[in-house]
Amino acid sequence: MDSAELIKANSVGIVETNIARLPLPPEGFVLANGRSLPELEVAFETYGTPAPDKSNVVFICHALSGDAHVAGYHSPTDPKPGWWDEMVGPGKGIDTTRLYVVCANNLGGCMGTTGPSTIDPRTGKPYGAQFPDITIGDIVRVQLLLLQHLGFEHVHAVIGGSMGGMQVLEWSIRYPERVANCVCIASAASLSAQALSFDIVGRNAILNDPNWQGGNYYGTGRSPDLGLAQARMIGHITYLSPEIMTRKFGREKNEEMAVATRFNTLFQVESYLNYQGRKFVNRFDANSYLHISHAMDTYDLAEEHGSLERAFAGVRSRFLVIALSADWLFPPEQSLEIATALLHCGKQVSYCLLQAPYGHDAFLVDIRHLAEVVDTFLVSGLPDNAPAPAKPAPPAADEFLIATLVKPGARVLDLGCGDGRLLARLKQERAVTRALGIDIDLAHIAQALAKGLDVFQCDIDLGLDMIPDRTYDYVILSQTLQVVRKPRLVLQEMMRVATSGIVIIPNFAHWLNRVSLGFAGRMPKSPALPYEWYETPNIHLATIKDFVALCEAEGVAIEEMIGIPESWTGAALVKLGLPNLGADRVLFKVTRRPAPRAASETLPPGKTPHE
Ligand code: COA
């Protein structure tokens, strides 16, 4: 295909890797450990067109063994595109028709950026063992220097998966004023002991390869290929989930395969790992692997800053943290930990957990949902894509009521936020200062992200551990209490995280429901309860009296109760003071009941509680 055909096929087309020689002060590029590099070259690629005001720059941080070649082809005969071609291109998750994308090969790498195999100008020989240790911070500082060299002082977004996600975190902490948005995918603020173990074994395989020669193997005709291949094989195992390993290979054998030694096997998985190891040796340098994996392993935000909350204290970027369900190398808990810490610091953060059976590499391979959420997040944050201005949609009665109850400038949490319409409305009409939506459904998360909202994808039945006590003025639970499995827990959590709660539930005691059940003997269906019994999500139906009793039992005070009738008859019954008969739905404004005074304070003098 030529370039024109490629572009038609949603590719960025034929691209080239450029090398920038970065201007440095006389002392060179001083690393975190105090040593310096006298020269710095960086390999990079760019796609798309910068906006006249430079507001659409997206920097992609690559993972451990990636490079600057993210998308497109290097020549018309190139058999494979860049490593994230599925994600980056016209109309893709990172849409190059709107965004200007830059990616650079990391410091310490072997794909054009200064690394151990580069010639040290002071000796005229490759650095080899003399290449200094680097950190994730050093890698990110080089990225900023490159962007400045290209004429960009700020970026619309920094995005990265795995070790790339660590660089994203570092960007947000180091350069808070330069990054508007951060997307951190399948990453962690530090590696787990298990993840460290695989890297340690991999590095040992290189270090113990006699051809490594203390790191000075360049030009000797011998290089630690065996050790590097083994390191890659070990790494590769961690990139796939057990499920995908079984699906790809099971215990399948290749009977035609020659078995090299007595203990080699015919298993396809051995052939696959051998192949991946060999392929890696052909494109990667063992010293680069040692340095970059070491930088990743020693990254520990909590250790460096005292805690994650301290690390994130100065962050200004809006964050999207994405976890992958079957990732056991950077498990979802680690992404949630990042998102939670940001939330605790009062930062703008959204979190979602993508169902991705492939495992850690899903962010490279299985990008359907990833592309959707990333695109929505990035585009909703573009300056020319601010949420549509005031368009007072005909208010649903419930939304209108809620909006009237929320004080201007309040902090609002919406549990079961759906597409985020209510929160968007509150932001617009009540100028809420802090708004967060929580929903279990990824489609809702994407819709809410598109409205520029912060949203967390999680199951409120599991509690709201990620939200500290009394962070919000209002927590809204509109038409959600009846669908959760643990209404009592949800009510308790609401009262823990907010001062007031606004709850709307369908009223099961509505007179039509009574007629349906009492006379027709059928489960009721109504505007408030529109489902057949066999497909209803409403598993905990209650009446007004039931909810009042629950509040009583839980120490929750009802400040206001508004019956919402849908018919004239219902309205008349509500007016007559019979809301439990007339209201289709009911809104409760609730608050924590003040803790009862100690018994000794309330009892008459001289009486004990048992008398
Ligand atoms: N024996 C030998 N080779 C086999 C094989 C077998 N039984 N089964 C598959 N292969 C080869 C295929 O021929 C193919 O070769 P090619 O890449 O030269 O075309 C390759 O293995 C396919 O690999 P696979 O892993 O099955 O592809 P995928 O589409 O599932 O994943 C990549 C693609 C690029 C993500 C993956 O190959 C890879 O390189 N993963 C590592 C990426 C990485 O560094 N992740 C770390 C992030 S920190």
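## The ligand and its shell

By class, the shell around the ligand is made up of eight nonpolar, seven polar and five charged residues. The model is a predicted one, and in it 20 residues surround the ligand, the closest being Lys248, Ser271, Tyr272, Tyr275 and Tyr358. Three helices, α5 (225–239), α7 (268–283) and α12 (362–365), each contribute at least two residues to this shell, and α7 gives the most, with six residues. The space that the ligand takes up is the largest pocket.

| Residue | Ligand atom | Distance |
|---|---|---|
| Tyr272 | oxygen | 2.4 Å |
| Asp361 | nitrogen | 2.8 Å |
| Gln276 | oxygen | 3.2 Å |

Rolling a probe the size of a water molecule over the atoms shows where empty space is left. Across the whole structure, a search finds two cavities of 30 Å³ or more.

The largest cavity has a volume of about 40 Å³, and the residues that line it are Leu324, Leu354, Gln355, Ala356, Asp366, Ile367, Arg368, His369 and Leu370. Helix α13 (residues 368–380) supplies the largest share of this lining, namely three residues. Sorted by class, the lining of the largest cavity divides into five nonpolar, two polar and two charged residues.

The second largest cavity, with a volume of about 30 Å³, is lined by Phe198, Asp199, Gly202, Ala231, Ile234, Gly235 and Tyr289. The elements that give two or more residues to the lining of this second largest cavity are α4 (193–207) and α5, and α5 is also one of the helices that supply at least two residues of the shell around the ligand. By class, the lining of the second largest cavity has four nonpolar residues, two polar residues and one charged residue.

Technical notes. Residues numbered from 1 in each chain as written. Predicted model: local features only at pLDDT ≥ 70, side-chain atom pairs only at ≥ 80, totals over all residues. Heavy atoms only, no water. Near = heavy atom within 4 Å. Polar contact = N/O pair within 3.5 Å; in protein donor to acceptor, adjacent residues only side chain to side chain. 1 Å grid on protein atoms, 1.4 Å probe; cavity = no way out; pocket = protein on both sides within 12 Å on 5 of 7 lines; lining within 4 Å. Sits in = over half its atoms within 2 Å of the grid points. Helix = DSSP H or I, 4+ residues; strand = E, 2+ residues; numbered from the N terminus. Nonpolar A, V, L, I, M, F, W, Y, C, P; charged D, E, K, R; others polar. Points joined across faces, edges and corners; volume = space filled by probe spheres on them.
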